[in-house]
Amino acid sequence: MEKNCQELNLRKVAMIGCGFVGSASAFALMQSGLFSEMVLIDADMDRADGEAMDIRHGLPFERPMKIYAGDYDDIVDAAIIIITAGANQKPDETRLDLVHKNVAILRNIIPEISKRGCQGILLIVSNPVDILTYAALKISGFPENRVIGSGTVLDTSRLKYEIGEYLGVDSRSVHAFIIGEHGDSEIAAWSSANVSGVPLRNFYEMRGRHKYEKAAERIADTVKNSAYEIIAKKKATYYGIAMSVRRICEAIVRDEKSILPISSRMHGEYGIDDVVLSMPAIVGKDGLESLVPIDLDEKEQRNLKESADTLKEVLADIDC
Ligand SMILES: NC(=O)c1ccc[n+]([C@@H]2O[C@H](COP(=O)([O-])OP(=O)(O)OC[C@H]3O[C@@H](n4cnc5c(N)ncnc54)[C@H](O)[C@@H]3O)[C@@H](O)[C@H]2O)c1
């Protein structure tokens, strides 16, 4: 029997795609205690079933939860539908190289969701995440607050980690964002970065680090190249993104109104329109609540515009 789309189950999550990223994210979500039901879907049904079995065997160490492999009829009432299906980067491939393969996969998946009248929030994780979030928005016809991408939540976490290590301070006390594309044109928003309210430059001085510009450049490069380095070494990245997925779900399920750099559609902010990229945004039970327009200096604004232009060129090529 078809389920009524009004019966949204706030404690239910669906994971579409159970490869490295989907399975690691499902594992992180099982440990989070946020959900009481999780359905796993993959083109390879045995894969989804195997992951569901493996993850649920850990339940006696966690909280009770239903974890199973299913099909699209099982996701109708899910509060959050996470898409991690699709090809991942091979060594030397950029995220944008994946676009045609993964847009085609999305064209199969999204209609299965929209034709069932799902009311949940779509969280796109597959790459290139900004392009795919834009495509998902167009294909689904869902309201913009309900179609978000994991964006630069992972890159921002990498940035905080690197700054924390360099300054010898808890990375949770670091407030800094990577904005723009989740990819090669991403921007570290240094002008607004701080450690517990102390501007980053001043905090560097306080910790005896006097080569601020040089260190900032090195850290931004490390963050930008992290995925390439990890993929070269172990073929895929998944733990960091799994924790990012968990963090975004937490903000939604607990209606936290947390500020996270998810990817969403721009509407003229910083002179950028009709493209999806990452800016800090308030995230709660309805998904995206509103963008938080942080101050950017001239160079950051210019780089953000260039990042948007890069994404627009790709969008022009995919006919969405
Ligand atoms: N946003 C981020 O920060 C971030 C970080 C890491 C990886 N990623 C992206 O996540 C995606 C998945 O990466 P991965 O390492 O898990 O890849 P993977 O190859 O291990 O897994 C992809 C899975 O998708 C499944 N799949 C393919 N087509 C499908 C369809 N039509 N319906 C259902 N399932 C389908 C495959 O069977 C496979 O199990 C990639 O696009 C990767 O670039 C994003």
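This is a predicted model: local features need pLDDT of at least 70, side-chain atom pairs count only at pLDDT 80 or more; totals for chains, interfaces and linings use all residues.

Colleague: Where does aspartate 92 sit in the chain?

Modeller: Aspartate 92 belongs to the loop between E4 and H3. Its phi is positive, about 75 degrees, although the residue is not a glycine.

Colleague: What is the phi of aspartate 255, and is that residue buried or partly exposed?

Modeller: Aspartate 255 also has a positive phi, near 50 degrees, and is a residue other than glycine. It counts as partly exposed because it has 13 C-beta neighbours inside 10 Å. Its place is the loop between helix H8 (239-253) and strand E12 (258-260).

Colleague: Now the whole chain. How many helices and strands are there?

Modeller: The protein chain has nine helices and 16 strands. Of its 320 residues, 46% are buried.

Colleague: Which domains does the assignment give?

Modeller: The domain assignment gives domain 1 (9-149) and domain 2 (152-317). Their contact takes 36 residues from domain 1 and 33 residues from domain 2. On the domain 1 side, the elements that give two or more residues are strand E1 (9-16), H1, E4, strand E5 (121-124), H4 and strand E6 (147-149). H1 gives the most to that side, with eight residues. By class, the residues of the domain 1 side divide into 24 nonpolar, eight polar and four charged.

Colleague: How far apart are the centres of the two domains?

Modeller: Taken over C-alpha atoms, the centres of domain 1 and domain 2 are separated by 23 Å.

Colleague: Why is the ligand said to lie between the domains?

Modeller: Look at which domains supply its shell. Both domain 1 and domain 2 give residues to the shell around the ligand, so the ligand lies between them.

Colleague: Which residues come nearest to the ligand?

Modeller: Of the 33 residues around the ligand, Gly19, Val21, Ala85, Asn88 and Asn127 come nearest. Helix H1 (20-32) and H3 are the elements that give two or more residues to this shell. H3 gives the most, with four residues. The shell has 16 nonpolar, 14 polar and three charged residues.

Colleague: What does the UniProt record place here as "binding site"?

Modeller: The unreviewed UniProt entry places that feature at several residues, including Gln89, Pro128 and Asp130.

Colleague: Let us take those three in turn. Is glutamine 89 buried or exposed?

Modeller: Glutamine 89 counts as buried because it has 20 C-beta neighbours inside 10 Å. It lies in the loop between strand E4 (78-83) and helix H3 (99-114). Beyond its neighbours within four places in sequence, glutamine 89 is in contact with Arg95, Leu98, Asn127, Ala227 and Ile231.

Colleague: Which form does the peptide bond from asparagine 127 to proline 128 take, cis or trans?

Modeller: Read omega. For the bond from asparagine 127 to proline 128, omega is near -5 degrees, and the bond is cis. Proline 128 is in the loop between E5 and H4.

Colleague: And where is aspartate 130?

Modeller: Aspartate 130 is in helix H4 (residues 129-140). It is buried, since 32 other C-beta atoms lie within 10 Å. Not counting residues up to four places away in sequence, aspartate 130 touches Gly149, Glu181, His182, Ser263, Val276, Leu277 and Leu311.

Colleague: What does leucine 132 touch?

Modeller: Leucine 132, which lies in helix H4, is in contact with Asn102, Val103, Leu106, Ile124 and Ser126, leaving aside its neighbours within four places in sequence. Leucine 132 is buried, with 29 other C-beta atoms within 10 Å.

Technical notes:
Residues are numbered from 1 along each chain as its sequence is written. UniProt positions are given in the numbering used here, feature names are shortened, and annotations may be inferred rather than shown by experiment. A residue is buried if 20 or more other C-beta atoms lie within 10 Å of its own, exposed if 12 or fewer, and partly exposed in between; C-beta atoms are placed from the backbone. Two residues are in contact if their C-beta atoms, placed from the backbone, lie within 7 Å. A residue is near a molecule or strand if its C-beta atom, placed from the backbone, lies within 6 Å of it. Ala, Val, Leu, Ile, Met, Phe, Trp, Tyr, Cys and Pro count as nonpolar, Asp, Glu, Lys and Arg as charged, and the others, Gly among them, as polar. Domain bounds come from an automatic or database domain assignment.
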